[in-house]
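Subject: Structure handover

Hello,

Here is the structure I promised you. Please open it and keep it beside this email while you read.

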Amino acid sequence: MSGQTWRLVRRGNGDPVVPPVLDEHQRAVVEHQSGPLLVLAGPGTGKTTTIVESVVDRIERRGLDPERVLILTFSRKAAEELRQRVTARLRRTTRTPLALTFHSYAYALLRRESIQAGKAPPRLLTGPEQLLEIRRLLHGELENGALDWPVSLREPLKTRGFAEELRDFLSRANERGLDAERLVELGRRHGRGDWVAAGRFAERYQDRFDLDPEETYDYAELIGAASALLARPDVRERERAAHDVVFVDEYQDTDPAQELLLAQLAGDGRDLVAVGDPDQSIYGFRGADVQGIMKFPERFRTRDGRDAPVLALHVCRRSGAGLLEASRRVATRLPAGPGAGHRDLVPLPDTPDGDVRVLLADSTSQEAAIVADTLRRAHLIDGVPWHRMAVLVRSARRQVPLLRRALTNAGVPTMIAGDEVPIAQEPGVRPLLTLMKVALDAAQLDEGVAEELLTGPLGGTDMIGVRRLRRALKIAENEASEVGEARSSGELLVAAVQDARELTRIEPHVAVPAERVAKLLAVAKETQGTAEDLLWAVWHASGLAERWTEQSMSGGPRGAQADRDLDAVVALFDHAARFVDRMPKAGPEVFIDDLAAQEIPGDTLADRAPDGDAVRVLTAHRSKGLEWDVVVAAGVQEGVWPDLRLRGSMLGVEDLVEVVEGTRPNAASLASKLLAEERRLFYVAVTRARRRLVVTAVGGEDTDERASRFLSELLPGAVETATVDDRARWLNMPALVADLRSAVTDPTKPRKLRQRAAQQLARLAAAGVQGAHPNDWYALTPMSDDRALSWPDDIVSISPSAVESFTKCGLRWLLETAVGAAGTSSAQGLGNVIHALAVLANTDLPSEDLLGERLDQVWHELDFGGAWYNRKQRQVAERMIGKFLRWQKDNPRELKAMEESFTAMVSEGVQIKGRVDRVESDDHGRAVIIDLKTGGSKPKAGEIDRHPQLGVYQLAALLGAFARHGMTEPGGAALVQLGKAGGKNDALEQRQQPLSDDKNPEWAADLVDTVATGMSGPFFQAKVNDGCRTCAARASCPVNDNGGQVC
C-alpha cells in the first residue's frame, strides 16, 4: 500500500467541449483588452456564457495563468456554477477556486492575514449568533434602565422584533462605512435620538467582541474589515499583483461596502469587468444599492481618467418578440441605466413570439383554480413537461400554502423548495414546535393552543372530538363532589392536556387524544439536554415516523402530504443539529425562539434532493437566473405586489440610507424607491418565460381586492376576466370520468352523445382508469350482503317518530337510526331543555319567573357554540316557556302523565315502543297525546289528519299503551308548536282527529305494518323530501347532490 498513488479523474466521454456561438456583442466583451468595463446584460442574453468565454479567452488565447483570474459574485450557487462551467471549458481544474462570493473572498483575505501574523483565524458570527448577542446586550441595558435609549423605545427593547431591526440597522450602517462615532454624529445633526442610542449601542457591541481571544466578525463587518485591510498599501499591492483581471457577476446586487472593497482590489483603471442589469436589482432589503451599477462608469474610471466604457448585450436567447415587447413596457417605467440601449433586446431568429395573458379572478380560490387549469392545459394539450413550468409569487408565507393545496387537489405535481416557506410554518413541524414551546413554558398553553395540539397530528382528533372531550370533562367535574368552584370547559381542557390525571373519570375513547398530548408533554418536560435532544425525544414518543411513513407508502394526496411532512421534519432535525453545533450552550428556548421568528426561509436539505418532473412554486426573488417554458405569476395585487410598506420604520433604516446618499429623507422619495424595486422584481418574474406568460390577480366586482398597477403596464387594455368553464374539469381525470358517466346514464341526453361518452369510458376502462368500468359504479356493484335487517329477539320495535322518518326516507332512517349517522344540533339541545322545563311547570315551578330562575341555574352548563349565540338562544328559551305556560293555562283537558314511556304489541314480531311528552284526558275520558315541538317548521293543514307520528300514538293508545291510566280509547293527538312555527306570542295546537272519526280508521295500523315490513327487509329506498337539506346522511345519499359523487 505504501507505494500506491492515486489520481482523481473526471468521468466523461472524452470529447472536447464545443465552444458556444457568440453574437457580436458577446464577442466585443470577450475581446475587451484591458481596463474597466461595464457589461449590461438583460434577461436571457447569456451573461454567464459571456463571462465564462472571457475567462477562457484570457487563459487559452492570451496565456494568462488561471490562478491570476478572480470572479466575484453575489451568491454561493452562482459562484459554484461559474466554477463548474469554467473548468469544464478549460477541461482542467485549478489549485484555487476561480469564482468566489464577496464574503468568501473577504474571509479568505482576513484569514490569510491572521495566519501570517501568527494569530488564530477569525471567527464568522452567524445570523442567529449575532441576534443572540444583540438581545443579551439589550437585556442588560434594560436592567440598567436603558438610559441611552429614548423613552418611546424602552418598551420595544424587550422584543425580538426590535433586536432584528437593530441588527439590520447596524448592518446597513456598516455597509455604508458608518462606525459608532459617525452614527452618533448623524443622530445629533438630524435630531434622531434613536440613531444616537444605536451608535452608542454599536460601540458597546463592538467592545463586547474586542474582549474575545479571537477576532470575530458578523457578515456586514466582514466586508468592511477586508476593505480596511486592503486600504493598507502593502496588502493592496500584494492582492492587486495576485490578480491580473477581476470579473464581477450580478453587479447590480452589490452594496456600498462591496463596491469599496472592489475599488481597493481592482480600481485605478485596472482590468475589471462588471456584468449586471440595473433593471434586475431586487435585493435592496439586504443592503444592495442599484446606484452602484448606475454610477459604475464614473466610479471606476480608466487609467487616463475617462468614464469606463459600457457594452450592452442585445440578443435574447430566452424569449420571443411578443414576450420581450411586454416586459419592455414594464422596464421603461424604471430609471434609465448607464449607457443606452440595454433594453432594446431582439430575439434569436425563428423564435416564436410567445404568448402573454393577464387574467382577473373574482376570488383567491378561483385564481388558484385558474392557475391549476393553465398548467394542466399546457401539460396535457401542449405537451409541456411539468418541470418546464413554474408558478412565481411575491410572498412565500402568504401565497404558497394556498397554491400548493389547489395544485395538489387538481393533480398538478409541485416541487416547493424546503426553504421557500419558513420551516416553523410547515404543517409537519408546527405541532412539534408548539408542544416543545408549551413544555418549556407552561404559560404558553391556553385554550386555543390546547385545541391546536389536540386537532393536529399529535392529538389526532377533530373539533367534534374536542367538543365531546369538553362535555365529558364538564360532566366529570360536576359529578365530583370534592371539586369546589366550577371550572369552565376551556380551563378543564387546558388542565387535561397538562396532566393526564384529569382524564381518569373520562371514557377511554374520548380521552385518548388528550392522553397522547399529555404524555408527549411529560416526555418533553423530563428531557434534559440540547434542542436536538428534546426534539428527538418528542419525535420518537409521538409515533409520527411510522404513521407518516405508512401513509407515504400508500400514495395519493395523503401520501404526498406525508412526504412533505417527513421532508420538513428532516429539515428541522438538520437545522437543530447545525444550531447546536454553532451554539452548544444555547438552550432549546433559544432554538425555538429563533425558528418561530424566522421570516426569511433558511437553508434546508430540499435543494440537495432531485427535483423530478414537477412544477416549481417559488418566490420571484428565487426565480432570478432561472427560466421555464410556461410561467404563471400569481397574486399580483396592490398591497402585495407592489408591497410599499416601509421596512425598518422604527429606527428609520431608509432615512439613514437617504442621509448617507446626501438626500433629504421624505415619505415620497422612500415610496418611490420601494416602488422601483417592486417593479424591478415584477420585471424579473415576467422575464423568466420562454414561451408563455400568464399573470393572475383577484379584482372582481364583489371583492375588495384590487389588481396591481403592474398589470396594465405589462399588457395595457388587454386584462381578461377569468372564467373556468365545465371543460376545465375534464383535464382532471376523476372529473372527466364523472362527466362521461353522467352523460352515459342521463336518458335526456342525445343518443349519439351517450354512445360517444360510452366509447371514451371504454377506452379509459381498458387503460385501467379507476371508476371508468361500470363494474365500479355505484348501484351497479353487487350487494355485499343481501340479508334482511335483523332485530333483537326477532321483534321489530317501532317508535312513532321512526315511522315518520322511515315514511319520508328509508335510507335516512337506516343511516341515522341503525348506523348512528345522526348528529346532535343546538336546536335539539334547546328542545331537551324546554321539555324538561315543561315537566317542572306541572310540579313545583308553575310560574314563568321560577322557571326562568331554574333556567339561569343550568344555562352556564349548556354550550350552543358561541357566547353571542348562547345569549340569543337564552332569549328564545324564555319566549318558548312563556308560550307553553299560556297554552297550558288555556288547555281544558286533564293531564294524566308526562314523559311517559310505553310499549304496545301490534302483532307477533311487531311492537310500538316510545315515549310521549304528555298524555291528557278529554271530556269523554279518551286519551289525547300531546307532542311538544320547538322547531321552526310545521306540517301543513292538509297533512295533520294523516300525520304518521300522531297516528301511531293513537294506535298505541288503542292497543292499551295507557290502560293503566284508565284510557283505552284514543281521543285524538296534537302537535303543540312552541318555536317559530307557533307564531310570535302564542303556541299553536295542531289537532288530529280520533282514528274512529277518520273515514279509514285502519290507516295507522296499515302504516305500521308497511313500515315494519320495510324495516325488516334487505333494501332501503332514498327519497327526496323537505328534510334533505338538514339530513346528516346526505353525503352518502344517491338522490342528493352532495352524495352524487359516491362511486
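This is a predicted model: local features need pLDDT of at least 70, side-chain atom pairs count only at pLDDT 80 or more; totals for chains, interfaces and linings use all residues.

Seven strands make up an open sheet. Their order is S13-S14-S12-S15-S16-S11-S17, and they pair in parallel. Which strands stand at the edges? They are S13 (414-415) and S17 (719-721). Each has a single partner strand, so one side of each has no neighbour in the sheet.

S13 runs parallel to strand S14, which covers residues 615-619. Two bridges join S13 and S14. Met415 has Arg616 in S14 as its bridge partner.

**Salt bridges**

How many salt bridges does the structure hold? The count is 60.

Start with Arg192 and Asp655. Their side chains meet in a salt bridge, at 3.3 Å from N to O.

Next, find Glu175 and Arg176. They form a salt bridge, and the closest N and O atoms are 3.4 Å apart. Are these residues buried or exposed? Glu175 has a relative accessible area of 8%, so it counts as buried. Arg176 is buried too, at 14%. The cut-off for buried is under 20%.

Then compare Arg301 and Asp307. In their salt bridge, the closest N and O atoms are 2.4 Å apart. Arg301 is partly exposed, because its relative accessibility is 37%. Asp307 is also partly exposed, at 41%. Partly exposed lies between the buried limit and the exposed limit of over 50%.

Salt bridges can also join up into a network. Arg112, Glu113, Arg232, Asp234, Arg238 and Glu239 are linked in this way.

**A charged patch**

Finish on the surface. Which residues gather in a patch of negative charge there? They are Asp179, Glu181, Glu203 and Asp207. Take Glu181 from this group. Glu181 lies in helix H8, which spans residues 180-189. Its relative accessibility is 65%, so Glu181 counts as exposed.

Best wishes

Conventions
Residues are numbered from 1 along each chain as its sequence is written. Side-chain values use heavy atoms; hydrogens and water are left out. Patches are made of residues with over 30% relative accessible area and no salt bridge: like charges are joined within 9 Å, nonpolar side chains (Val, Leu, Ile, Met, Phe, Trp, Tyr) within 5 Å. Accessible areas come from the Shrake-Rupley method with a 1.4 Å probe; for residues, only the protein chains shown count as cover. A salt bridge is a side-chain nitrogen of Lys or Arg within 4 Å of a carboxyl oxygen of Asp or Glu. Lys and Arg count as positive and Asp and Glu as negative; His and the chain ends are not counted. The place of a charge is taken as NZ of Lys, CZ of Arg, CG of Asp or CD of Glu. Helices (H or I, at least four residues) and strands (E, at least two) are DSSP runs, numbered from the N terminus. Buried means under 20% relative accessible area, exposed over 50%, partly exposed in between (1.4 Å probe, protein chains only). Two strands pair if DSSP finds at least two bridges between them.
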